[in-house]
Amino acid sequence: MPEKSGHGVVVGVDGSESATRAVRWAAEQARRRHAELTLVHAIDDESLSHPRPMPTREDLAEMIRMRGHRLLRKARDVAREVAPEVGVTLDLRHERPVQALKDAAENADLLVLGTEGLRPLGRVLVGSVSIALAAKAACPVALIRPHVAEDDAPHDGPVVVGVDGTRASEAALALAFEEASWRRTGLVALHCWDDAFLSAVFEETHWSLERADIEEGEHEVLAERLAGWKEKYPDVRVDRIVVRGRPADELLKYADRAQLLIVGSRGRGGVAGMLLGSTSQAVMSYALCPVIVAREAGDR
């Protein structure tokens with residue numbers, strides 16, 4: 001049985017169906033972790049400005065506060081239906097949503113956000129709040145969306161994790177093994193390699209490119225990254241997959257049958273979107289199961 005979490009799970013609440021779905025998922029996550037659950041609703045005071053004399057700014061502020069409290073209480077009821085044994089804290093904050101959730105999750109184990117359903121061409125509408133928090137939050141960020149064929153991802157599916165061979169994927173691996181152990185399910189560790197650039201270089205220089213040797217080396221990379229984890233989590237069955245292709249494309253192939261997909265951030269830069277790598281942004285937009293973006297310590 002996992003030890004009791006030291007901080008807990010934070011989830012954003014805004015009254016939408018997607019947020020309610022996120023509350024249910026977060027409550028179950030808190031139950032598994034033996035952790036506390038914090039429900040956060042943000043009120044942006046700048047939105048209180050309006051041209052009409054009635055109602056007054058004070059009246060409008062009170063109406064919005066009352067609505068926020070109602071939404072939080074309703075979300076608490078939803079959480080208690082899922083996990084009545086989990087302690088729930090209601091947190092109404094007078095900040096912009098990104099800052100409110102970032103502050104609330106400063107010492108959390110996980111921040112959970114709801115996303116809208118599928119849009120044309122299968123893309124999920126990932127808003128600026130989700131992108132900013134996935135890039136800047138001090139803890140892993142989970143994005144919850146409806147599955148393509150049902151309300152939830154399949155409960156008997158594996159946890160899938162992308163492993164890119166760098167230290168940046170260590171945080172994703174650590175979380176993936178932890179989640180697979182909690183969920184009592186298998187883990188798919190996927191490592192991709194793409195030789196398109198090398199092929200072009202070798203073609204220009206008339207050298208031969210031995211793909212078998214490259215693939216063997218990539219298998220060794222994955223084995224090195226997984227070394228030690230099996231001993232720490234002997235209960236987790238691991239399927240190692242090494243494939244040639246783009247990481248986002250290959251990870252998305254597994255998303256429709258997974259109960260959870262975990263990736264690292266791998267982003268750099270000062271703009272929120274640039275803090276996330278292309279793979280992270282792609283799976284956030286197209287994966288058909290919940291996605292967790294794990295961040296390496298110090299990369300926030």
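Student: Which helix is Arg225 found in?

Tutor: Arg225 is in helix α7, residues 211-226. Helices here are DSSP runs of H or I, at least four residues, and strands are runs of E, at least two, numbered from the N terminus. This is a predicted model, where local features need pLDDT of at least 70, side-chain atom pairs count only at pLDDT 80 or more, and totals for chains, interfaces and linings use all residues. Residues are numbered from 1 along each chain as its sequence is written, and side-chain values use heavy atoms, with hydrogens and water left out.

Student: How far apart are Arg225 and Leu173 in space?

Tutor: They are 8.5 Å apart, C-alpha to C-alpha, and 52 residues apart in sequence.

Student: Why does Arg225 count as partly exposed?

Tutor: Because its relative accessibility is 22%. Buried means under 20% relative accessible area, exposed over 50%, and partly exposed in between (1.4 Å probe, protein chains only).

Student: New topic. Which residues of α9 are buried?

Tutor: In α9, residues 247-255, they are Ala248, Glu250, Leu251, Tyr254 and Ala255. Seen down the axis of α9, they fall within an arc of 165 degrees, so they line one face of the helix. That arc is taken from the directions from the helix axis to the C-beta atoms.

Student: What do they pack against?

Tutor: Strands β6 (159-162), β7 (187-193), β8 (238-244) and β9 (260-264), plus helix α10 (278-286). Contact means heavy atoms within 4.5 Å.

Student: What about the phi of Arg184?

Tutor: Arg184 has a positive phi of about 55 degrees, though it is not a glycine. Arg184 sits in the loop between α5 (170-183) and β7.

Student: Is Arg184 buried or exposed?

Tutor: Exposed, because its relative accessibility is 79%.
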